[in-house]
Every structure is written in C-alpha cells, then in structure tokens.
Amino acid sequence: MSLGRNLTYGETLWFNYTANKSDFYLYCHNTIFLIIFYTLVPLPMVMIELLRSKKFEIYKIQPKTTFTLSEMMECYRKVLITFVFAVGPLQLFSYPIIEWVGIRTSLPLPSASEVFWQLVVYFLVEDYANYWLHRMLHHYKWGYDKIHRVHHEYVAPISFAAPYAHWAEIIILGLASFLGPLLVPCHMFTFLLWFVLRQIEAIETHSGYEFPWSPSKYIPFYGGAIYHDYHHFVGESCHSNFASVFTYCDYIYGTDKGYRYQKEVFEKRREKLKMEEKVNGSAPVFKSE
Ligand SMILES: [Zn+2]
Ligand SMILES: [Zn+2]
C-alpha cells in the first residue's frame, strides 16, 4: 500500500469491504444501513411493549397507551414506503453534492478523535437546524396541517414511529442531517456512522420508555425519550421541546416551559410505583392516572 505502513485491522476491514465498489455504490449503502438498523434496533422495544411487564411499566412515559403487534407493524410498513420513495431518491440526487464537498472513501481511515469530534459537530449542527425547521413546521399552520401532522399522529410515540413522517418532512429534516457533513466534510465511514447513530438516537427518543440505565444519560444536555415524548403528548399546539437531540436550544429560546412540570409528574409517579412495589412485595398492577 502507498500508506508506507501496515494497515490497521479497521483499515483492512474497510479495504476489503470497499474493494470493487464504486463511491456511488458505497454511498447508497447509507440507505441500506438505515433500513437494517431501523428494522433491528426497535425490536427489544417491540417486545417490551407487547409484554407490558410490571418491571418495565414504571418506565413507560404514557402508560395509558398500548400498541398491538399489528399496529406497530403497520407503522413499520408505512415507514419502509417512505424509505423507498423519499430517502432513496434523496440519496440518489444528493450524491453529486457529496462528491463535490469531498466525502472521501480512500485509506487511511480517520483517527478515532477525528471521527468523534466530527460527530459532535454533526450532532450540534443538526440539532440547531432541526430545532428551527421543526419549529417552523409548528409555527405555520399550512406546514403543520399538510406535512408535520403525520409525524404527530403518534401522541404517544413508539420506536418504529421515529422516522414516521410525511415524505416532505423526511426531505426537509433530512437536509438538517446533511448540513454537518457539508460544512465539515468527512470520510465515508464517518458519514455512514453519523446517519446510523442519528437514527438510533431518534429510535430511542421515540421509544415511549425512559430508562434510567440508558447510556445516553451521560451525554451532556441530552434530551432523551421523555423530552421528545412530551412534544408528541401536547401535539399541534405544542410550543415546547422542538430540538431533536439536546436541550440547550429549547432552553436558550425559552421553549421548554411546561415540559419541566410534566417531568416532575412522571418522576413522582415512578417513585410512587416503586414505593407500592416495596410495600406489597410485588410489582403493582399499573393504575393509570
Ligand atoms: Zn412536532
Ligand atoms: Zn417525534
């Protein structure tokens, strides 16, 4: 190799993976990965929702709502259609831009710190852009009625509903996800990783459950499931929690009022259920408020 050194293990894997694949074909793998992760990551949450075990019930954010398997699969089916008719074409037409900004596929692979800091930038840029685009979709009645209303059909979200939206919203908010890599071009590996991580994050925030053991709890200013769940709970008239990942935009622009009160209610309910569990020696049958 022309690197003047032996390939690392990761580079060998990348070399083998990318050999005989054009840059365009590699770029198209983004959609394939998104579909694979969208299919697999929500599965544990589907099981939890179907079982409705008392152990997990404490963490259910909106306990009055339940979903059957067929309802969840219907959501999945509709999302796959938008993947084919919105995400796929967006992918195809955006390739010249990706090529133009210089998303490279060649070796060497970027260092771990380069990948990490680029991902931090992408999350921050996306969060900021998404905040304003999302806020506009609520602000303008036409935008809400014609486009954003579809995503809000889920008053209590489920993991499969993370990308459940009007095709136009997929494109509008998809632009926010592209913005980071356009401003700070990266390696194709980082680009693919970014979209997968962003999707996993969206699946978690739409899970309908707030688990205290989630690793994302350690991310500074991270919103999490309860944060975005509140946005769905209030619906059309919601003037709160527009940000997709972090809490700082809503804090700066004063759009997190109402949410703080709701979070307290949720914490109190959880504490009450925990106490009842201790007294009775077993988990209580959940009583909705
Ligand atoms: Zn909204
Ligand atoms: Zn949502």
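Helices here are DSSP runs of H or I with at least four residues, numbered from the N terminus. This is a predicted model, in which local features need pLDDT of at least 70, side-chain atom pairs count only at pLDDT 80 or more, and totals for chains, interfaces and linings use all residues. Residues are numbered from 1 along each chain as its sequence is written.

**View 1. Asn-241 sits in the loop between helix 10 (225–234) and helix 11 (248–252).** Asn-241 is not a glycine, yet its phi is positive, near 55 degrees. Asn-241 is buried, with 27 other C-beta atoms within 10 Å (buried means 20 or more, exposed 12 or fewer, partly exposed in between, with C-beta atoms placed from the backbone).

**View 2. Asn-20 lies in the loop between helix 1 (9–18) and helix 2.** Here too a residue other than glycine has a positive phi, of about 65 degrees. Asn-20 is exposed, with 6 other C-beta atoms within 10 Å. For context, most residues other than glycine have a negative phi, and most peptide bonds are trans.

**View 3. A cis peptide bond joins Leu-107 and Pro-108.** Its omega is about 5 degrees. Pro-108 belongs to the loop between helix 5 and helix 6 (112–139).

**View 4. Helix 2 (residues 23–40) and helix 5 (residues 69–101) cross at roughly 155 degrees, their axes coming within 10 Å.** Axes are lines fitted to C-alpha atoms over the stretch in contact, with angles from 0 to 180 degrees between N-to-C directions. The crossing angle therefore makes helix 2 roughly antiparallel to helix 5 (over 145 degrees). Residues of this contact divide into 11 nonpolar, 4 polar and no charged (nonpolar: Ala, Val, Leu, Ile, Met, Phe, Trp, Tyr, Cys and Pro; charged: Asp, Glu, Lys and Arg; polar: the others, Gly among them).

Methods:
Chains lettered and ligands numbered in written order. Helix = DSSP H or I, 4+ residues; strand = E, 2+ residues; numbered from the N terminus. Parallel < 35°, antiparallel > 145°, perpendicular 65-115°, else oblique.
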